[in-house]
Amino acid sequence: MSLSLRLALPTARPVPLLRPRARNAGCPPAPPASALRTDALRGCASLPLKPQPLGAVRPCRRRGSAAVCHASAYLSPPTMQWVSAAAAAVLFLAKGTGIHKPFLVPLFALQAPSSVISWIKSEYGLWTAFLALLVRLFFSVPGELELPLSTMLLVSVAPYQVMNLRGTQGGAIVSLALTAYLAFQHFTRTGGIGKAFDQGSIIATVAIICITVVNVILLLPLF
């Protein structure tokens, strides 16, 4: 007697294909994704730009129907103020120039960065100026250090009406006038532009040029 076993293997049934539903005649076709992105960018570019305070760098500007983004951190007002403060500090100690250095004191007070002014007006700055003044009264101090001390005292006791000129159009005009007078003194007393770049005067000449260029750059956005 023979037994026969048959294995019934399941066969894969064909999957029915879903037909796309017919679109309604009244509904327009959906726009492609690229068109949506383009419309979104155009909508953002058409929005009005918010006014920004003095010293802030606008990351974007409008050109036609597109927004062009740029980064000008190297020419921002805080950076230019640091360059002006460094150049004024160099002129405080420079010897190869014939300028009237007390004019640098109000120029520094008007163009120094806000962090430097805040530190001078803080308790640490007041104690530094007080101790330096005590040393000046009882000991001999080099003449190059008297101007930095005078600058700290001027900033410390200056009324707020004077310090409010910082960052304004009037303060920028006063700073540019002081810078132009110092540049005129320097190039006149050194014997001309050619002799101003001699070995003994080149550092002061570069500092004068830096201060002049910085003041022009800081004045242009205020008009």
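Reply: The chain has ten helices and two strands, and from the N terminus on these elements run in the order α-β-β-α-α-α-α-α-α-α-α-α. What is shown is a predicted model. Of the 223 residues of the chain, 26% count as buried. Among the contacts with a separation of 6 or more, 63% are between residues 24 or more positions apart.

The part you ask about can be approached through the largest nonpolar core, which has 29 residues, with Leu91 and Leu104 having the most contacts inside it. The elements that give two or more residues to this core are α2 (77–93), α3 (104–111), α4 (114–121), α6 (146–157), α8 (169–189) and α10 (202–219). Leucine 91, once its neighbours within four places in sequence are left aside, is in contact with Ile99, Lys101, Leu104, Ala204, Ala207, Ile208 and Ile211.

Leu104 leads on to helix α3, where it is one of the buried residues, together with Val105, Leu107, Phe108, Ala109, Leu110 and Gln111. Because seven of the eight residues of α3 are buried, this helix is largely enclosed by the rest of the structure. The cover over the buried residues of α3 includes α2, α4, α6, α7 (160–163), α8 and α10.

In general, two packed helices are described by the angle between their axes and the distance between the axes. The axes of α2 and α10 cross at roughly 150° and come within 9 Å. Since an angle over 145 degrees counts as roughly antiparallel, α2 is therefore roughly antiparallel to α10. The crossing of these two helices, α2 and α10, is left-handed. On the α2 side the contact involves Pro77, Met80, Gln81, Val83, Ser84, Ala87, Ala88, Val90 and Leu91, and these meet Ile203, Ala204, Ala207, Ile208, Cys210, Ile211, Val214, Ile217 and Leu218 of α10. Sorted by class, the contact of α2 with α10 holds 16 nonpolar and two polar residues, and no charged residues.

Glutamine 81, which lies in helix α2, deserves a separate word. Its relative accessibility is 16%, and glutamine 81 therefore counts as buried, the cut-off being under 20%. Apart from its neighbours within four places in sequence, glutamine 81 is in contact with Gln111, Ala112, Pro113, Ser114 and Leu218. Of these, Gln111 is among the buried residues of α3, while Leu218 belongs to the α10 side of the contact with α2.

Helix α10 also holds isoleucine 209, which at 35% relative accessibility counts as partly exposed. Not counting residues up to four places away in sequence, isoleucine 209 touches Phe187 and Phe197. The C-alpha atoms of isoleucine 209 and alanine 180 are separated by 10.0 Å, although these residues are 29 residues apart along the chain. Isoleucine 193, in helix α9 (residues 193–196), has a relative accessibility of 59% and so counts as exposed. Its C-alpha atom is 9.1 Å from that of threonine 205, twelve residues apart along the chain.

A further helix pair involves α6, which is among the elements that give two or more residues to the core. Helix α5 (residues 123–138) packs with α6 at an angle of about 135°, and their axes are 10 Å apart, so that α5 and α6 are oblique to each other. Their crossing is left-handed. From α5 the contact is made by Gly125, Leu126, Thr128, Ala129, Ala132, Leu133 and Arg136, and from α6 by Glu146, Leu149, Met152, Leu153 and Ser156. The residues in this contact of α5 with α6 divide into seven nonpolar, three polar and two charged.

Within this pair, threonine 128 has its place in helix α5 and, at 33% relative accessibility, counts as partly exposed. Threonine 128 touches Trp119 and Met152, when residues up to four places away in sequence are not counted. Between threonine 128 and leucine 149, which are 21 residues apart in sequence, the distance in space is 9.2 Å, C-alpha to C-alpha.

Conventions:
Residues numbered from 1 in each chain as written. Predicted model: local features only at pLDDT ≥ 70, side-chain atom pairs only at ≥ 80, totals over all residues. Heavy atoms only, no water. Core = buried A, V, L, I, M, F, W, Y, C linked by side-chain atoms within 4.5 Å. Buried < 20%, exposed > 50% of the residue type's maximum accessible area, 1.4 Å probe, protein only. Helix = DSSP H or I, 4+ residues; strand = E, 2+ residues; numbered from the N terminus. Contact = heavy atoms within 4.5 Å. Axes fitted to C-alpha atoms, helices over the stretch in contact; angles between N-to-C directions. Parallel < 35°, antiparallel > 145°, perpendicular 65-115°, else oblique. Left-handed = near helix turned anticlockwise from the far one by under 90°. Nonpolar A, V, L, I, M, F, W, Y, C, P; charged D, E, K, R; others polar.
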